[in-house]
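Please read the following note beside the sequence and the model.

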Amino acid sequence: MLKVRPRKIPLADNSHSYLEISNIPIYIVDQKHNEVFYYWQNSNIRDATLLHIDAHADMATLFPFEEEIDQEYYKKLSIGDFIAAGIHYDLISSVYWLNPF
């Protein structure tokens with residue numbers, strides 16, 4: 001049986017919904033996609049698999065590169081490049097993109 005547990009884990013601006021299905025975290029972020037980088041960076045996520053459901057890939061390869069990133073780095077990202085930055089900084093290792101349209 002699948003266990004579904006709603007739980008609140010804040011992103012930078014609290015603009016998300018979260019639930020857990022059989023210990024798999026599910027985040028629904030409909031605006032300011034780049035703010036999930038803040039959560040990835042501050043939750044010790046490393047080499048995660050991302051299921052990205054969006055009409056746009058959000059994987060532009062021209063993102064702001066920095067040798068070391070600080071707590072404000074996510075503010076430099078846009079909704080079009082945050083996934084590429086997550087991959088570059090080893091937060092995300094695999095991306096599955098589903099275009100719902």
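**Notes on the model**

1. D47 is found in the loop between α1 and β4; helices (H or I, at least four residues) and strands (E, at least two) are DSSP runs, numbered from the N terminus. D47 has a positive phi of about 55 degrees although it is not a glycine. The model is predicted: local features need pLDDT of at least 70 and side-chain atom pairs count only at pLDDT 80 or more, whereas totals for chains, interfaces and linings use all residues. Residues are numbered from 1 along each chain as its sequence is written, and side-chain values use heavy atoms, with hydrogens and water left out.

2. N44 also lies in the loop between α1 and β4. N44 counts as exposed because its relative accessibility is 64%; buried means under 20% relative accessible area, exposed over 50%, and partly exposed in between (1.4 Å probe, protein chains only). The C-alpha atoms of N44 and L91 are separated by 8.3 Å, although these residues are 47 apart along the chain.

3. D58 has a positive phi near 55 degrees and is a residue other than glycine. Its place is in the loop between β4 and α2. With a relative accessible area of 9%, D58 is buried.

4. Which residues touch the most other members of the largest nonpolar core? They are F37, W40, F63, Y73 and L77, in a core of 17 residues. A nonpolar core is a set of buried Ala, Val, Leu, Ile, Met, Phe, Trp, Tyr and Cys residues joined through side-chain atoms within 4.5 Å. The elements that give two or more residues to this core are α1 (36-42) and α2 (82-88). In soluble globular proteins, nonpolar side chains tend to be buried together.

5. F63 deserves a separate comment. Not counting residues up to four places away in sequence, F63 touches Y73, L77, D81, A84, A85, H88 and Y89; contact means heavy atoms within 4.5 Å.

6. The whole structure holds eight aromatic pairs. Rings of Phe, Tyr and Trp (its six-membered ring) pair if their centres lie within 6.5 Å; planes under 30 degrees apart count as stacked, over 60 as edge-to-face and the rest as tilted. The pair of F63 and Y89 is edge-to-face, because the ring centres are 6.4 Å apart and the planes stand at 70 degrees. This pair links distant parts of the chain, 26 residues apart: F63 is in the loop between β4 and α2, and Y89 in the loop between α2 and β5. Both F63 and Y89 are buried.

7. F65 and Y89 form a stacked aromatic pair, with 6.4 Å from centre to centre and 5 degrees between the planes. F65 counts as partly exposed at 48% relative accessibility, whereas Y89 is buried at 15%. Ring pairs link F37, W40, F63, F65, Y73, F82 and Y89 into a cluster.

8. Leaving aside neighbours within four places in sequence, L50 is in contact with W40, I83, I92, S94, V95 and Y96.

9. Y96 lies in strand β5 and counts as exposed at 52% relative accessibility.
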